[in-house]
Number of protein chains: 2
Amino acid sequence: MKKIIMLLALPFMLLANESNKDNNDTSALIKKTKESGLNHIPEDRAILFELINKPKNPLTEAKFILGKKLYFDSRLSKSGIISCNTCHNLGAGGVDNIPTAIGHEWSKNPKHLNSPTVYNAVFMEKQFWDGRSPDLEDQAQGPIVAGPEMAASKEHVENFIMNTPGYLKAFRDIKEDADYKPTLKDVGDMIGVFERTLITPSRYDKFMETGDDVLSKKEKKGLNLFIDRGCVSCHNGIGLGGSMQVFPVYGKYKYADIGGFEGDKNKMIKVPTLRNVVETYPYYHNGSVKTLSEAIKLMGELQLDTNLTDSEVSDIESFLNSLEGVKMPVKYPILPKTNYRN
Amino acid sequence: MKKIIMLLALPFMLLANESNKDNNDTSALIKKTKESGLNHIPEDRAILFELINKPKNPLTEAKFILGKKLYFDSRLSKSGIISCNTCHNLGAGGVDNIPTAIGHEWSKNPKHLNSPTVYNAVFMEKQFWDGRSPDLEDQAQGPIVAGPEMAASKEHVENFIMNTPGYLKAFRDIKEDADYKPTLKDVGDMIGVFERTLITPSRYDKFMETGDDVLSKKEKKGLNLFIDRGCVSCHNGIGLGGSMQVFPVYGKYKYADIGGFEGDKNKMIKVPTLRNVVETYPYYHNGSVKTLSEAIKLMGELQLDTNLTDSEVSDIESFLNSLEGVKMPVKYPILPKTNYRN
């Protein structure tokens with residue numbers, strides 16, 4: 001746990017420090033932002049740890065190390081060449097930057113869904129675009145066995161682990177049971193732990209936490225607009241997203257037919273996080289909106305019945321830039337040798 | 001250069017130290033091994049640097065950093081999801097562990113060729129199974145624009161670099177030319193530099209360099225057999241492979257029809273390195289041999305007209321285990337933001 005807490009602190013240390021402090025504008029805007037329902041990633045390590053920890057599957061260093069390997073291990077897939085990181089690339093904002101995910105045998109996602117970012121996914125109330133999964137541990141199992149994604153069977157995953165001594169020992173050590181047979185659920189639990197640590201504090205967080213004036217005038221104007229225009233009614237909390245909401249509220253989404261996804265049974269769709277949104281293009285659940293400015297403009301129309309002017313869009317986009325966060329350094333794992341052969 | 005030399009030293013430091021030194025058997029075997037044409041990776045950093053450096057494209061830290069990013073950057077591919085690391089996975093012995101490479105739109109390699117390892121590829125005399133490429137810089141360009149692999153066009157690559165400010169600046173700094181327009185060849189040059197550093201010293205190297213008795217009795221028996229039986233006639237040098245040789249010399253390779261690859265115009269095929277061979281399964285140019293023991297047995301028949309006994313195969317396999325090397329720690333790169341859109 002100590003090591004994880006240290007790891008969590010790293011991105012904060014990499015954030016630039018600024019000395020301009022606490023002019024009146026700044027403190028008023030911070031107060032307004034907090035009251036609007038927005039929140040920030042706390043720099044206090046103990047508080048942050050509590051926030052991302054899950055009592056049912058506590059974060060430990062051993063789970064983190066194992067989960068990281070599994071996250072990068074393409075041998076979990078049926079083909080042997082697709083890993084979690086293929087679609088949720090930690091080097092590219094936690095996404096694949098293509099409209100819809102491509103998986104096993106070059107299948108596209110059947111509903112043309114766009115790969116959501118894994119960074120800060122821990123702050124989402126639910127997982128998947130239709131919110132069908134309660135947490136990262138549960139979510140992580142899905143793509144491994146989904147036909148158009150990693151296409152593995154439960155048996156493949158479990159046999160692979162049983163025949164990979166380095167993994168088997170790690171699971172058994174964690175379970176404190178020398179005869180334990182790891183399951184797909186256990187694999188999800190480990191990957192979930194690793195994913196919980198993928199948080200990316202940004203200049204916005206620094207601003208909110210310390211009052212340091214690290215946002216530009218335009219970014220602050222954008223933040224004001226973001227609140228005043230009502231974007232914050234869905235994009236709120238620490239994740240600036242993560243709840244289920246009706247989409248669209250007004251009119252028709254012009255790319256609705258691409259994939260035909262309509263959300264959960266109540267036609268609710270998960271609000272994506274805006275953290276690192278400059279990196280996570282293309283946008284919307286079906287990845288059909290290419291630019292951030294179009295995404296903002298359309299959101300105004302579809303969710304707020306508002307025509308945002310070009311200058312407003314530009315200011316809001318500017319604020320969204322400040323949400324680009326620092327990523328935790330990740331050592332690319334050397335995968336344990338396996339005796340499993342397909 | 002200083003930093004690269006430090007990086008190169010890291011794997012040696014991670015190799016276990018042993019105190020048993022220089023009994024007679026050991027020194028005699030080292031002498032015999034050297035005389036047989038085998039060589040080892042020198043621990044002396046300056047000598048090693050000279051060995052992997054290429055005067056026409058000298059190793060520098062700036063090129064290394066840029067080349068590493070490009071190596072992991074799937075945006076170089078047409079689809080956006082295939083990088084060098086997809087088939088030459090640094091976490092998995094530098095290969096994909098599948099019989100034949102899978103690339104763009106799930107194409108298999110047209111000749112059913114198996115992805116060779118990138119680790120220690122710097123020690124190969126030529127690149128590709130038919131040896132058509134003289135060095136890593138040249139080789140690295142190939143798969144990026146090969147239809148069944150990354151399927152990019154030269155224009156895609158060059159436009160992508162031009163529209164990725166972080167890359168453009170890095171190239172221009174390296175070229176010391178503020179207006180420079182990087183080419184596909186430059187991309188290959190940078191990736192080549194990164195790949196040159198991917199060497200993996202092993203217990204075998206420690207044994208040869210220091211005389212420390214870090215090989216087991218069985219491994220030494222295997223090394224003796226490897227020399228006496230003639231394996232060393234092709235698998236020699238530092239790379240334990242890397243030259244072009246006739247294949248097969250005797251009889252018919254039973255999986256020859258899979259892909260129908262016959263080598264270069266003289267029916268010569270590049271001898272693969274045996275370094276990390278326990279990790280680089282499946283074997284042979286078309287990846288049709290599943291186990292290392294079968295690979296050894298078959299080699300005896302096809303190249304040496306010899307029937308190796310099971311016990312000889314087992315001893316040689318044991319020696320090959322000692323060639324598993326320590327890999328340089330690689331920080332997974334955060335890729336520079338791009339304005340390029342497909």
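How many residue pairs are in polar contact across the interface of chain A and chain B? The rule finds ten, both residues at pLDDT 80 or more. A polar contact is a pair of N or O atoms within 3.5 Å; within protein, one must be able to donate a hydrogen and the other to accept it, and residues adjacent in sequence count only if both atoms are side-chain atoms.

This is a predicted model: local features need pLDDT of at least 70, side-chain atom pairs count only at pLDDT 80 or more, and totals for chains, interfaces and linings use all residues. Residues are numbered from 1 along each chain as its sequence is written, and side-chain values use heavy atoms, without hydrogens and water.

**View 1. The interface of chain A and chain B.** Here 34 residues of chain A are in contact (heavy atoms within 4.5 Å) with 34 residues of chain B.

**View 2. A salt bridge between the chains.** Glu324(B) pairs with Lys337(A) in a salt bridge (a side-chain nitrogen of Lys or Arg within 4 Å of a carboxyl oxygen of Asp or Glu). Their closest N and O atoms are 2.4 Å apart. Between chain A and chain B the count is two salt bridges.

**View 3. Surroundings of Ile98(B).** Ile98(B) has 9% relative accessibility, so Ile98(B) counts as buried (under 20% relative accessible area, 1.4 Å probe, protein chains only). Leaving aside neighbours within four places in sequence, Ile98(B) is in contact with Ser79(A), Ile81(A), Asn114(B) and Pro282(B). Thr280(B) is 182 residues from Ile98(B) in sequence, yet 9.2 Å away in space, C-alpha to C-alpha.

Conventions: Chains are lettered from A and ligands numbered from 1 in the order in which they are written. Buried means under 20% relative accessible area, exposed over 50%, partly exposed in between (1.4 Å probe, protein chains only).
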